[in-house]
Every structure is written in C-alpha cells, then in structure tokens.
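Let's take a walk through a protein model together. Keep the picture open as you read, and look for each part as it comes up.

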Amino acid sequence: MSGLADYNDGRLAHAAEPVGLLDYVTSAAFAVNVAENWKSEYLQFFLYVFASVWVLLRGSPESKRAGWETDEDQ
C-alpha cells in the first residue's frame, strides 16, 4: 500500500493520473521494488549464514592443517 501511495505521488508530481492497486501490481515499478527488496534480503541472509559458518568452523580441529600442532596443543 505504501508503494502504491509513493507511485501515485510520483505520477501526480508529473501531472499524470493516479492508478489503482491492480494497475500498480501489474506495473514494472512494482516488479522493480519487489526485486530490490528480495535482493537485499537474500544478500543479508547469505552474509549472515556465511559469516556464522566461518566463525564457528575457524576454531574447529578439522580446519587446522595436519602436522602444524601436536595433539596436546590442539
């Protein structure tokens, strides 16, 4: 609903008629706004998962190179 209001405000600023919800949902402006939001959310989710896995596995014994430390040091 806020996207529709913003879209209609932009149309009114350019002396165009406001559109209804169905026309907005089927417009390219709606598709662009949804794609930008999804892209941002997936990027944030990917970075969160990647950083968590990297931090958790960094101290894991399986991530150490063999021969660098003795069993006691590990």
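Helices here are DSSP runs (H or I, at least four residues), numbered from the N terminus. After α1 comes A15, with a positive phi near 60 degrees.

Before going further, a word on what you're looking at. This is a predicted model, so local features need pLDDT of at least 70 and side-chain atom pairs count only at pLDDT 80 or more, while totals for chains, interfaces and linings use all residues. Residues are numbered from 1 along each chain as its sequence is written, and side-chain values use heavy atoms, with hydrogens and water left out. As for pLDDT, that's the predictor's confidence in each residue, from 0 to 100. The chain has a mean pLDDT of 81, and 80% of its residues reach 70 or more. Confidence is lowest in α3, at a mean of 83, and highest in α2, at 90.

Now for the rings. The structure holds three aromatic pairs. Rings of Phe, Tyr and Trp (its six-membered ring) pair if their centres lie within 6.5 Å; planes under 30 degrees apart are stacked, over 60 edge-to-face, and the rest tilted. Y7 and Y24 make a tilted pair, 5.3 Å centre to centre with 40 degrees between the planes. Y7 sits in helix α1 (residues 2-13) and Y24 in helix α2 (residues 21-25), so this pair ties together parts that are 17 residues apart in sequence.

Are these two buried or exposed? Buried means under 20% relative accessible area, exposed over 50%, and partly exposed in between (1.4 Å probe, protein chains only). Y24 is buried at 5%, and Y7 is partly exposed at 25%. Together with F30, Y7 and Y24 form one aromatic cluster.

Another pair is F46 and F50, which is stacked: 6.0 Å centre to centre, 20 degrees between the planes. Both lie in helix α3 (residues 28-58), four residues apart, about one turn of the helix. F46 is exposed at 52%, and F50 is exposed at 53%.

Finally, go back to helix α1 and find N8. N8 is buried, with a relative accessible area of 12%. Leaving aside neighbours within four places in sequence, N8 is in contact (heavy atoms within 4.5 Å) with P18 and V19.

Key
Helix = DSSP H or I, 4+ residues; strand = E, 2+ residues; numbered from the N terminus.
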